[in-house]
Amino acid sequence: MQDTALRELDVVRDFVNTLDLEENKEGIATPAQLGAWLGGRGLISEGSITTEEHRLAVETRETIRRLLLANNGGEAAPADLAELDRLADRAALAPRFHAGGVRLEPGTGGVVGALGLLLATVAEAMAEGTWTRLKACSEHSCMWAFYDRSKNRSGHWCSMRVCGNRAKARQFRERRRAESSAG
Ligand SMILES: [Zn+2]
């Protein structure tokens, strides 16, 4: 079941990962880069993007990242949820009925409509129960979005090999420091 359901969320994961904190690489640094990214995923047709729309997209990305951190053992901040509500209103997200069922669809185009499509995917994942599998890495220099595929949804790091080991090594160093200062 999950793999198809998760695939729908890929675009949300990839959007969050347009910023690589570790390498300090911003994939949507300019309105033009944002347009290319959204266009490449079929979320926007064309038209120039204003600096305000660009700022909204970057803010929305970071709001989603905070929600993914909350999925990694926390609670979503009411202010972040309220921000998604406002965006959903702006995008005029509404249920639209099709022969095969119902989907949330934005009533506007452009960047706001594209962000609305991302929110619709988030909403569907929440309804299906797959949303909580998408997390942001709890290593603060990383915060990469990843799927927790563990059975009991207990994963914390994007990669056990990299961030998991890093956190464990730090815990080890801290413990050793505490022991040596105690003794
Ligand atoms: Zn990580």
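**Entry 1: salt bridges**

I counted 13 salt bridges, taking a side-chain nitrogen of Lys or Arg within 4 Å of a carboxyl oxygen of Asp or Glu as the rule. I was working on a predicted model, where local features need pLDDT of at least 70, side-chain atom pairs count only at pLDDT 80 or more, and totals for chains, interfaces and linings use all residues. Residues are numbered from 1 along each chain as its sequence is written, and side-chain values use heavy atoms, with hydrogens and water left out.

**Entry 2: two pairs**

Next I checked Arg-103, which meets Glu-124 in a salt bridge of 3.2 Å, N to O. This pair links distant parts of the chain, strand E4 (residues 101-105) and helix H5 (residues 110-128), 21 residues apart.

**Entry 3: the zinc ion**

I found the zinc ion coordinated by the SG atoms of Cys-137, Cys-142, Cys-158 and Cys-163, at 2.3 to 2.4 Å. Donors here are N, O and S atoms within 2.8 Å of the metal (3.2 Å for Na, K and Ca); water is not among the atoms, so sites may look incomplete.

Cys-142 is buried at 7% relative accessible area, while Cys-158 is partly exposed at 27%. I used under 20% for buried, over 50% for exposed and partly exposed in between (1.4 Å probe, protein chains only).

Conventions:
Helices (H or I, at least four residues) and strands (E, at least two) are DSSP runs, numbered from the N terminus.
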